[in-house]
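My entries follow in the order in which I made them.

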Amino acid sequence: MTDALKRLSDEGVAIWLDDLSRKRITSGNLAELIDQQHVVGVTTNPSIFQKAISAGDGYRQQVHDLATRKVTVDEAIRMITTADVRDAADILRPVFDATGGQDGRVSIEVDPRLAHNTAATIAEAKQLAWLVDRPNTLIKIPATKAGLPAITEVIGLGISVNVTLIFSLERYHEVMDAYLAGLEKAKAAGLDLSLIRSVASFFVSRVDTEIDKRLEKIGTDEAKALKGKAALANARLAYEAYEQVFGTERWAALDKAGAHKQRPLWASTGVKDPAYKDTLYVDELVAPGTVNTMPEATLQATAARGEITGDTVRGTYAAAKADLDALAGLGISYDDVVQLLEDEGVEKFEAAWNDLLKSTEAELARLAPSEG
């Protein structure tokens, strides 16, 4: 095994694990990944929790207690998920302290059913921050149109945020603007900007999945030659946008006041197409000041086969633009693709949440004490 993960970390890429379960916490596995595989953060989403809780490992006693109290299924889910996030945050606390708050972070998502409701998203974010009650938590807010003002408001309250489900460059610009506006609100309120952190989760593999499908349908040699290029091009141009926004005078004023940059986070980095190398979205997205959140299979693949050769993002912008232009030339609408992916992303998380509600409700019923 090479130490590709250490090289990745040395290049300025923070390695976060895109998975969490109670078994991972109680078995010592999470602590082991931190200690041995350079993991410095954890992300969760509704799909991850649905899978973890449905597997049942370690949740029986808590579900029984919740059933005894006759709590609602929504409250039960929040008690269960925030307990896992709190415990993971405690395990990562030494990393948080060692990095001055940059890493050692655990993300938890607002209820995905609120993705198009600004006020409810803000209220939920405040509630989650209060429930978890750990300084190294990030509240995940989706980058929907309704999510943007929620991001500004929540950052303005001094709550650190992971903005999720970003697919388009235009929306990414809006996300960075929402973050800066939030910092400006926090500054006006007299809050300590140095305590506020944020990442912007730019989704990668799903872009190739959708665009490759369209290229396959076109079927020409020119179309086939573009397969596997769109996701990297999109992410690399996102990094260019990040460099531009955090090079402005607006940012300089906030930087002077103690604020931190909102780091780009590469999400959905597990390769979906077996024709591609399983470390593609790690090897080819190396740039300083980024985060790569990986499912464990991708983490282990990178440890075993990753080819970390230095910065693979800066200096690629012209080629990335050319790739996206070539797609447009074939009649593939970028705007159509990214909107479809955002809509599908929200729908998938909502479906996972509904599955979680159903399975938790069934467990509450099964483990409820008999009356008498």
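Predicted model: local features only at pLDDT ≥ 70, side-chain atom pairs only at ≥ 80, totals over all residues.

I take helices (H or I, at least four residues) and strands (E, at least two) as DSSP runs, numbered from the N terminus. Residues are numbered from 1 along each chain as its sequence is written, and side-chain values use heavy atoms, with hydrogens and water left out.

**Entry 1: Glutamine 262**

I located glutamine 262 in the loop between α13 (249-256) and β7 (263-267). I call a residue buried under 20% relative accessible area, exposed over 50% and partly exposed in between (1.4 Å probe, protein chains only). Glutamine 262 has a relative accessible area of 0% and is therefore buried.

I then listed its contacts, meaning heavy atoms within 4.5 Å. Not counting residues up to four places away in sequence, glutamine 262 touches Val163, Val175, Met176, Tyr179, Ser198, Val199, Ala200, Tyr242 and Phe246. Of these I checked methionine 176, which is 86 residues from glutamine 262 in sequence but 7.4 Å away in space, C-alpha to C-alpha.

For polar contacts I require a pair of N or O atoms within 3.5 Å; within protein, one must be able to donate a hydrogen and the other to accept it, and residues adjacent in sequence count only if both atoms are side-chain atoms. The side chains of glutamine 262 and serine 198 form such a contact at 3.0 Å.

**Entry 2: The barrel**

In what order do the strands close into a barrel? I read β1-β2-β3-β4-β5-β6-β7-β8, 8 strands with parallel pairing. Two strands pair if DSSP finds at least two bridges between them. From one strand to the next the twist averages 30°; angles run from 0 to 180 degrees between N-to-C directions, and axes are lines fitted to C-alpha atoms, for helices over the stretch in contact.

I followed β3 (residues 105-109) to both of its neighbours. β2 and β3 are parallel and share 2 bridges, with glycine 41 partnered by arginine 105 of β3. Between β3 and β4 (residues 137-142), also parallel, I found 4 bridges; valine 106 has threonine 137 of β4 as its bridge partner.

In a regular strand the side chains alternate between the two faces of the sheet. In β3, 5 of the 5 residues are buried: Arg105, Ser107 and Glu109 on one side, Val106 and Ile108 on the other.

Leucine 265 has valine 291 of β8 as its bridge partner. Helix α15 (residues 296-305) packs on the sheet, where it touches β1 (13-17), β2 (39-42) and β8, and its direction makes about 110° with that of β8. Thr298, Leu299, Ala301, Thr302 and Ala303 of α15 are buried. Their cover includes α1 (4-10), α3 (29-36) and α14, as well as β1, β2 and β8.

**Entry 3: Aspartate 283**

Aspartate 283 lies in α14 (residues 280-283). Is it buried or exposed? Aspartate 283 is buried, because its relative accessibility is 5%. Its side chain makes a polar contact of 2.8 Å with the side chain of threonine 279 and reaches the backbone nitrogen of glutamate 307 at 3.1 Å.

I placed arginine 171 in α9 (residues 169-188), buried at 9% relative accessible area. A polar atom of its side chain lies 2.7 Å from the backbone oxygen of alanine 143. Beyond four places in sequence, arginine 171 contacts Ala143, Thr144, Lys145, Leu148 and Glu342.

Glycine 58 lies in the loop between α4 (46-55) and α5 (60-68) and counts as exposed at 55% relative accessibility. Glycine 58 and lysine 23 are 35 residues apart in sequence and 6.2 Å apart in space, C-alpha to C-alpha.

**Entry 4: A helix pair**

Last, I looked up α6 (residues 73-98) and α17 (residues 334-367), which pack at about 100° with axes 9 Å apart. α6 is thus roughly perpendicular to α17 (65 to 115 degrees; under 35 is roughly parallel, over 145 roughly antiparallel and the rest oblique). The contact involves Val73, Asp74, Ala76, Ile77, Arg78 and Ile80 of α6 and Trp353, Leu356, Leu357, Thr360, Glu361 and Leu364 of α17.
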